[in-house]
Amino acid sequence: MTGTSETSTGADWAAWQQSWDRQQEVYLPDREERLRVMLDMVEACTGTEPRVLDLACGTGTVTARLLDRFPGATSTGVDLDPALLTIARGTFAGDDRVTFVEADLTDPAWRSLLPYDGYDVVLTATALHWLHSEPLAALYGQIAELVRYGGVFMNADHMIDETTPRINAAERGQRVARMDQAIRDGAPDWAEWWQLAAQDPVLAAPTARRFEIYGSDHADGDMPSAAWHARVLRESGFAEARPVWCSPADTLLLALK
C-alpha cells in the first residue's frame, strides 16, 4: 500500500483498506481480476506514466493498484463520501502523486474543482450504477471533455442485459451463494462495515456526515446494459467504446477518445 499506514490519530489506514477490500469482495469476488484488466488497458492505450482521474474513488482502491503497478503515474481521486475520503487521504498522506477532491458528480461544477483541465485516463469501478440514465449520460459528456485525444475512459460496473432473464437468474443464484459463504467465513457485509466505521474514533464523525448526505443507503439507478453505455459514450464524443472484460453480471467497458 502506498503512503503511510498510521497517523498521529492512531488510525491504521492499511487495516481499513484491507477491511474495505474484504467487504467489497463479498459482492465482487473477481474484483482484483477486473482491476488488473483495467490497468492492462491503461498500459496498452496510454503507457506507464498517465495522468489519471479516479472517479468516485472511495478509499482509493484503483489509485493504490495504479501506483503499485505504475509508480510514475499521477492520480486525482474524486468522491463525495467523507468517510471513504478520510481513509483515502490517510492512506496516501505525503504522496505528492495523489490529490483528492470532495465533489458531487451530479453538480455540473464538479470539474472546476479538479487540479487539471484534462487527463490521459479516467477510471471508475462499481460506483456509477447509483446514477439513473439521464444524469449518467450527462456525466459521460463531461468526462468526454476531460479526456485528451487518444486517452481512455473505463467503467467497471453492473451492466445487466435484461434480454437474458434465465441466465441472469442462474448467475444471481450462484452469486448469492458465494456471498453467503464469504459472510460465513467472517467477511463483513456492507451494513456491518459501516457499523464498524461508525464506532471508530477517527471515522465516526465523517461516517455520520456520510449518512447525512446519502441517507441510510444508496439507491441503485436503472443500470442500463453495456450496449447502452457504449452507445451513449460514442454519442458523447468518444471514437470507440466496447466491453473489454465481462463476468455474468458485470462489465469493464473501455471508451477511446
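**A walk through the predicted model**

Just after helix 9 (residues 226-236), G237 takes a positive phi of about 125°, where helices (H or I, at least four residues) and strands (E, at least two) are DSSP runs numbered from the N terminus. This is a predicted model in which local features need pLDDT of at least 70 and side-chain atom pairs count only at pLDDT 80 or more, while totals for chains, interfaces and linings use all residues. Residues are numbered from 1 along each chain as its sequence is written, and side-chain values use heavy atoms, with hydrogens and water left out.

Within helix 9 itself, the buried residues are A226, W228, H229, A230, V232 and L233; buried here means under 20% relative accessible area, as against exposed at over 50% and partly exposed in between, with a 1.4 Å probe and protein chains only. The elements that cover these buried residues include helix 5 (133-146), strand 5 (147-158), strand 6 (240-246) and strand 7 (250-256).

Turning to the strands, strand 1 (residues 51-55) is mostly covered, with four of its five residues buried. Strand 1 pairs in the parallel sense with strand 2 (residues 74-79) over five bridges, pairing being counted if DSSP finds at least two bridges between two strands, and L55 stands opposite V78 of strand 2. Between these two strands the chain passes through helix 3 (residues 61-69), and this β-α-β crossover is right-handed, meaning that, with the strands pointing away from the viewer, the path from the first strand over the helix to the second runs clockwise. Strand 1 also pairs in the parallel sense with strand 4 (residues 119-125), over three bridges, and there L53 stands opposite V122. In the loop between strand 4 and helix 5 lies T126, a residue other than glycine whose phi is positive, near 45°.

A further part of the picture is the meeting of helix 7 (residues 190-199) with helix 8 (residues 204-214), whose axes come within 7 Å and cross at roughly 130°; axes are lines fitted to C-alpha atoms, for helices over the stretch in contact, and angles run from 0 to 180 degrees between N-to-C directions. The two helices are therefore oblique to each other, since angles under 35 degrees count as roughly parallel, over 145 as roughly antiparallel, 65 to 115 as roughly perpendicular and the rest as oblique. In this contact (heavy atoms within 4.5 Å), W190, W194, A197 and A198 of helix 7 meet A204, T207, R210 and F211 of helix 8.
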